[in-house]
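Open the model in a viewer and keep the selection panel at hand. The stops below go from domains to a helix, then to the chain interface and the salt bridges.

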Amino acid sequence: MIKLSPRDPEYPPRLRRLARPPDPLWVWGQLPDPQDPTVGIVGTRRLTQYGQRIARELAMALARAGAVVVSGLAQGVDSVAHSAALEAAGRTIAVLGEGLAYYDEHGAARRRQLAMRIRKQGALISEWALDVRGIEWTYPRRNLTLAALSDALIVVEAPEGSGALITADRMRRDIRRPVFIVPGPLGASTWEGSNRYIAEGKGTLLASAQQVASYLGLTVAAMPRASGNGAGERLLALLASGPADADTITAGLGLDGPKATTLIAEQVIAGAIAPTPDGRFARVR
Amino acid sequence: MTTCALWGLETALVSVEADVSNGLPSFSIVGLPDTAVSEARERARAAIRNSGFEFPLRRIVVNLAPAERRKEGTGFDLAIGLAILRASEQLNADVDGLCLGELSLDGTIRPVRGVMPRVLRARDAGIERAYLPAENAPEAAALGCDAFPLRTLRAAVEHLDGRVRLAPAPTPPPATDPVWDVDLGDIAGQDTPKRALEIAAAGGHNLLFIGPPGTGKTMLARAMPSILPPLEPDELLMASAIHSVAGLTDPERPLLAARPFRAPHHTASRLALVGGGVPPRPGEVSLAHSGTLFLDEIAEFPAGVLETLREPLEEGAITISRAGAAATYPARFTLVAAQNPCPCGRFGDVEAQCSCLPDAIARYRSRISDPLLDRIDMRVAVPRIPYRELRERVQRESSATVRARVRHARDRMRARLAGSGRRCNAEMTKRQVEQHCQLDRAGEQMMSAAISARRISARGYHRLLRVSRTIADLAEGDDISADHLALALLLRGHT
Ligand SMILES: Nc1ncnc2c1ncn2[C@@H]1O[C@H](COP(=O)(O)OP(=O)(O)O)[C@@H](O)[C@H]1O
Ligand SMILES: [Mg+2]
Ligand SMILES: [Zn+2]
């Protein structure tokens with residue numbers, strides 16, 4: 001762990017534009033080259049499986065294209081974004097709302113492994129003294145730092161009152177960089193904040209990873225899709241909005257049982273879909 | 001006198017002799033564990049007196065041979081009492097059958113557990129007659145034994161001496177087909193879960209249903225007994241004997257009418273689930289032997305209890321050791337389990353939104369440990385089906401039809417595995433899997449694609465082939481085709 005002040009040459013230059021740059025800034029791991037574009041990806045902790053797939057897809061595509069993925073290491077969207085960036089062999093920065101030592105000691109065991117991997121392919125950073133625990137007022141300030149570090153911000157899934165929308169507000173008002181919002185199904189409470197944000201014209205509706213990449217001056221590789229056969233494509237389309245069980249897939253594709261079964265098995269083997277722990281099938285890409 | 005010792009399911013014939021000689025009045029029993037002796041002595045003494053006999057005030061030695069055997073105490077009382085009466089010439093006839101029963105202080109004869117395995121042992125030794133507590137007589141009669149039902153020690157003597165002849169208990173009528181709780185035909189939709197249930201019934205594969213509350217998981221599992229093949233004769237005797245040792249024999253129907261279906265509640269103690277105690281009693285895992293163990297809401301069972309299932313799932317038996325003594329009971333069951341997808345139950349429900357945090361869901365799921373999950377061959381979603389479909393009055397396939405397919409498939413397995421001591425595909429050894437699970441060309445291609453894409457783990461491989469074999473057997477196929485393998489892959493739900 002090292003301690004940086006805004007006067008240090010290694011200090012992230014993006015943070016210097018804040019009225020009050022974090023001082024000191026604690027860093028654990030390696031900060032990526034400040035020349036590389038950065039993208040913040042945030043959203044609810046209570047994410048749906050659709051949100052999970054989109055967060056993962058966006059983080060992978062942008063990390064692979066060369067962007068540094070910035071997020072907050074919470075459960076839900078944050079963890080999915082960090083993990084996907086790592087999986088794509090990209091880099092990622094986790095901005096914490098508590099002290100680094102406090103996190104190391106008390107952070108959720110389930111994310112300790114993830115934090116360790118982030119330190120190898122990026123960094124954990126915090127503006128709080130090492131032993132500060134995260135409380136109500138440390139997070140809003142953390143959100144501002146997260147926004148400041150990001151050249152663009154993506155909100156994947158946010159209910160009303162979500163911290164992700166606070167981050168989006170800071171990005172919009174204080175940092176004055178674009179906010180992209182992934183739209184969600186009407187009537188799903190975890191997307192109500194996101195959809196309202198779009199409706200009020202506060203953020204840009206995100207329709208593809210390339211949209212963000214273009215803003216950052218990057219190009220995302222074309223998404224690999226399942227090979228040509230028509231039923232396979234229809235299966236992926238059916239699963240675009242979330243996982244489904246075998247009977248729902250069979251009925252949705254209008255196939256007979258054995259044909260649907262073979263299709264599902266083939267797509268699992270091809271890695272286009274995967275079984276979920278609750279016995280259904282989800283799109284992998 | 002001949003009686004029979006019981007430890008677990010192990011039995012041993014024991015001969016009981018009394019010697020009454022002149023000397024200072026004393027009463028000792030040789031060949032019983034110390035703890036049991038004093039109690040047996042008190043019961044014998046009081047029962048003899050209170051039955052209107054005289055307890056000889058001489059030197060009495062009762063010898064139980066062989067002595068070194070571990071024995072349960074109470075079943076020997078009747079033999080001890082009769083031996084003393086015979087030696088003191090208050091009983092004149094020789095006793096030519098198996099004597100079992102506990103004496104109470106007033107001279108009545110009380111029922112004992114585990115009559116069935118003891119009568120079977122006696123039958124093997126050529127003993128075809130038994131003197132038993134009236135409550136236990138049907139158990140012996142069901143095994144074709146001349147079973148004389150006794151209520152009191154006096155009645156036993158009257159009968160043996162020919163003064164009041166008792167009739168042997170009638171052979172209970174053979175079991176008629178039971179009425180099933182749930183018929184598959186009652187269940188709307190759920191084609192894949194039903195298919196999985198049929199495969200589990202035919203091949204003995206373990207199955208986990210996952211879905212929101214009210215989607216029919218419990219109902220599906222409860223339909224399992226209605227499609228299981230009937231017990232084979234030796235399975236029937238073993239399963240009935242285990243119930244007898246547990247004291248769960250139905251006197252109207254001592255032999256089980258169908259494969260057992262045990263559904264212990266998640267609050268059941270570890271003792272109730274896996275067995276134990278001194279003397280050791282079988283638990284639910286053994287009562288489910290040759291049948292189904294249904295664990296509803298499996299995530300609610302204490303983790304320690306679930307871990308104890310690994311031994312029976314792997315070995316088909318469970319060894320209970322307590323206080324230095326061990327007993328082994330058979331425990332080869334098909335595990336059917338049901339679970340909600342998350343703590344609130346709404347994860348993946350099209351009609352509701354889950355309120356659980358990802359960490360809470362992960363914690364909930366990890367209550368079924370990976371090693372246990374590995375032994376579950378099929379992990380199947382049970383989705384909420386539209387109300388309209390629930391109300392539809394259509395002719396659905398009945399349990400009887402499915403059961404006929406299951407029986408047929410089981411016959412194929414039995415013929416294939418004859419002589420190996422294995423009965424169904426889930427029990428195949430790895431060698432038998434290699435030998436009997438031929439894939440056709442397309443199946444072979446699919447398998448090698450799945451392996452090279454790492455969609456099948458080394459451990460999953462044999463389990464997958466066993467399930468595929470059952471699917472092929474249900475379709476009367478000799479080789480396993482790509483369709484069969486595809487369904488097994490789909491149902492497996494993980495690598
Ligand atoms: N597919 C179905 N067909 C007919 N009845 C159903 C079906 N699914 C649920 N039910 C009805 O709903 C009740 C609750 O089902 P149950 O098996 O207890 O659900 P779960 O165990 O999944 O919570 C059943 O008793 C049955 O009356
Ligand atoms: Mg239930
Ligand atoms: Zn939930």
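Buried area here is the accessible area (1.4 Å probe) that two parts lose on being put together, summed over both. The model is a predicted one, in which local features need pLDDT of at least 70 and side-chain atom pairs count only at pLDDT 80 or more, while totals for chains, interfaces and linings use all residues. Residues are numbered from 1 along each chain as its sequence is written, chains are lettered from A and ligands numbered from 1 in the order in which they are written, and side-chain values use heavy atoms, with hydrogens and water left out.

**Stop 1: the two domains of chain A**

Select residues 2–216 of chain A for domain 1 and 231–283 for domain 2; such bounds come from an automatic or database domain assignment. The C-alpha centres of these two domains of chain A are 32 Å apart. Domain 1 of chain A puts four residues in contact with seven residues of domain 2 of chain A, contact being heavy atoms within 4.5 Å. About 410 Å² is buried between domain 1 and domain 2 of chain A, with 41% of it from carbon and sulfur atoms. Now pick A:Gln49, A:Tyr50 and A:Arg53: these supply 96% of the area that domain 1 of chain A buries against domain 2 of chain A, more than any other three residues.

Between domain 1 and domain 2 of chain A there are zero salt bridges; a salt bridge is a side-chain nitrogen of Lys or Arg within 4 Å of a carboxyl oxygen of Asp or Glu. Two residue pairs are in polar contact between domain 1 and domain 2 of chain A (both at pLDDT 80 or more). A polar contact is a pair of N or O atoms within 3.5 Å; within protein, one must be able to donate a hydrogen and the other to accept it, and residues adjacent in sequence count only if both atoms are side-chain atoms.

**Stop 2: helix 3 of chain A**

Select residues 77–87 of chain A, which form helix 3. Helices (H or I, at least four residues) and strands (E, at least two) are DSSP runs, numbered from the N terminus. Is helix 3 of chain A enclosed or open? Nine of its 11 residues are buried, so helix 3 of chain A is largely enclosed by the rest of the structure. Buried means under 20% relative accessible area, exposed over 50%, and partly exposed in between (1.4 Å probe, protein chains only). Among the buried residues of helix 3 of chain A are A:Val77, A:Asp78, A:His82 and A:Leu86. To see what covers the buried residues of this helix, show elements of chain A including strand 3 (38–42), helix 2 (49–65) and helix 5 (112–120). Just after helix 3 of chain A, A:Ala89 has a positive phi of about 60°.

**Stop 3: A:Gly66 and its surroundings**

Centre on A:Gly66, in the loop between helix 2 and strand 4 of chain A. Leaving aside neighbours within four places in sequence, A:Gly66 is in contact with A:Asp36, A:Pro37, A:Arg91 and A:Leu218. Two of these contact residues, A:Arg91 and A:Asp36, have side chains that meet in a salt bridge (2.5 Å, N to O). This pair links distant parts of the chain, 55 residues apart. With 26% relative accessibility, A:Arg91 counts as partly exposed.

**Stop 4: the interface of chains A and B**

Show chain B beside chain A: 35 residues from chain B and 33 residues from chain A take part in the contact. The area buried between chain B and chain A is about 2600 Å², and carbon and sulfur atoms give 59% of it. How many salt bridges are counted between chain B and chain A? The count is one, formed by A:Arg111 and B:Asp359, with the closest N and O atoms 2.8 Å apart. Across this interface of chain B and chain A, 12 residue pairs are in polar contact (both at pLDDT 80 or more).

**Stop 5: salt bridges within the chains**

Select A:Arg141 and A:Glu127, whose side chains meet in a salt bridge (2.6 Å, N to O). A:Arg141 is in helix 6 (residues 138–149) of chain A, and A:Glu127 is in the loop between strand 6 (122–126) and helix 6 of chain A. A:Arg141 counts as buried at 16% relative accessibility, and A:Glu127 counts as buried at 14%.

In chain B, go to B:Asp96 and B:Arg129, a salt bridge with its closest N and O atoms 3.1 Å apart.
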